[in-house]
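Student: I have a model open and want to learn how to read it. Can we take it feature by feature?

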Amino acid sequence: MKVAVIGAGIVGLSTANWLKRYGQDVTLFDREDPGSQASFGNAGTYAKYANIPTNSSSFFYLFPYLLLNKNSPLFFKKGKFIQSLPWLMQYLSNCRQSKVRDTSNKLTTLLSLVDEGYEDLFNDADIENLISRESIFYVWSNKLFYNSARKDFETREKTGVKIEIISKNEINDVEPNINNIFYKGALFKGSYFAKNPKKISEKLLQLFIEKGGNFKKEKIEEIKILDTNKVNIHTNENTYIYDRIVLCAGVWSKKLTDKLGENIPLASERGYHLMYPHPENSISRPIAWQERGVYFTPMQDGLRAGGVVELGGNSNEISSKVVSYLKRATEAVFPNINNHLSEWVGFRPSVPDSLPVIGQSKKNPYIYYCFGHQHIGWSLGGISGKLIAQEICANKTDIDLKPFSVERF
Ligand SMILES: Cc1cc2nc3c(=O)[nH]c(=O)nc-3n(C[C@H](O)[C@H](O)[C@H](O)COP(=O)(O)OP(=O)(O)OC[C@H]3O[C@@H](n4cnc5c(N)ncnc54)[C@H](O)[C@@H]3O)c2cc1C
């Protein structure tokens, strides 16, 4: 089969590689360099434990604080508050306990397969040296927030996640070089992280090409359904015909699904990072300051301080108030840090029920979707790619994909 994969972020790169492993003739399209968007600037964590949706019940109760407090990691792009409300209301409506439980179960099935989604690709692409197996470290400076997170530990532990609680006195035993302003910490055993997401994407592209895949740097303008059981795609340069198409264009997938007449509530949860030169004595693992929504990740090219959520579209414009917020948080944890070297904003592709969209389009059985991985797409890219490749090639998937189907909208 001739298959086109649209979008070469971590989801598209994984999908394209899995389709090649299943023996297909695959072309991967991206208008930018592969891995240069959300998949470039993330915190790099393979967060197998992240089965509590960000819109959990505690998010609902904390929402007034998140709206009003100057230390809140929730921002609205200037002038975009009203525009963000419809999505935000849907997001909040999913915070009820029964819904959170259901979402959590569905996320657990996907997250339990993170290793399975990547193992073969990492071996083939020789990626292990770009990964560190040190566990992710969550820290809380506020007792109230810690106590509210503790309820989630129980839910996580029931699904097999192993958590080691770290007392205030032990925090510097785990990470000696941070300012211990924290009340408590937790290590998520078995989690790991990428030391260089950009290089990992480059390696996955290289693997895809070595295995006979084609990459085209073109922008897809429209997908058209032909009545001959083929799909037509128009790019800024050409028109092509394929047997199957997989749309993996992250937050920009919505432009193409809107044109197909599918109304999917996909929006951008903007996230930021600042890159610092490594402090003289750095850290050995990602540290996530929970109530500030900031991750500190020791990348190969420096210390990355990133996270937060800013609602309000996909413009590349950087908000200075978010940069100041990240600087404040970083200087609190690393008081002697030098000035940051660069600033970045990227777009988490998010639907309000915190589940990705994986499966066939409602409009045509030859068009498949694989996007909407919100805060955990770096973790879920591999397995999502494997599952959609199985759906296309074998019509039989390792897990039931119905919970992730577009039919739910
Ligand atoms: C600050 C931040 C921290 C994060 N930390 C983590 C983390 O620690 N762990 C984790 O699991 N996840 C994390 N995430 C989330 C994760 O990065 C994303 O969910 C994931 O990268 C999404 O991958 P993607 O391939 O769907 O999208 P993208 O990486 O955005 O890729 C989409 C691609 O499609 C291309 N494209 C779009 N439209 C077109 C078109 N019309 N024609 C051709 N090409 C097109 C784009 O150029 C782009 O390359 C974080 C995100 C942010 C912003």
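Student: How many residues in the lining of the second largest pocket are nonpolar, polar and charged?

Tutor: First, the terms. Ala, Val, Leu, Ile, Met, Phe, Trp, Tyr, Cys and Pro count as nonpolar, Asp, Glu, Lys and Arg as charged, and the others, Gly among them, as polar. Here the lining has three nonpolar, nine polar and four charged residues.

Tutor: A word on the source. This is a predicted model: local features need pLDDT of at least 70, side-chain atom pairs count only at pLDDT 80 or more, and totals for chains, interfaces and linings use all residues. Numbering runs from 1 along each chain as its sequence is written, and side-chain values use heavy atoms, with hydrogens and water left out.

Student: Which helices each supply at least two residues of that lining?

Tutor: Helices are DSSP runs (H or I, at least four residues), numbered from the N terminus. In this pocket they are α3 (57-68), α5 (97-111) and α7 (143-158).

Student: Which salt bridge does Arg21 form?

Tutor: A salt bridge puts a side-chain nitrogen of Lys or Arg within 4 Å of a carboxyl oxygen of Asp or Glu. Arg21 pairs with Asp120, and their closest N and O atoms are 3.4 Å apart. Arg21 sits in helix α1 (residues 10-21) and Asp120 in helix α6 (residues 114-125), 99 residues apart. The structure holds 16 salt bridges.
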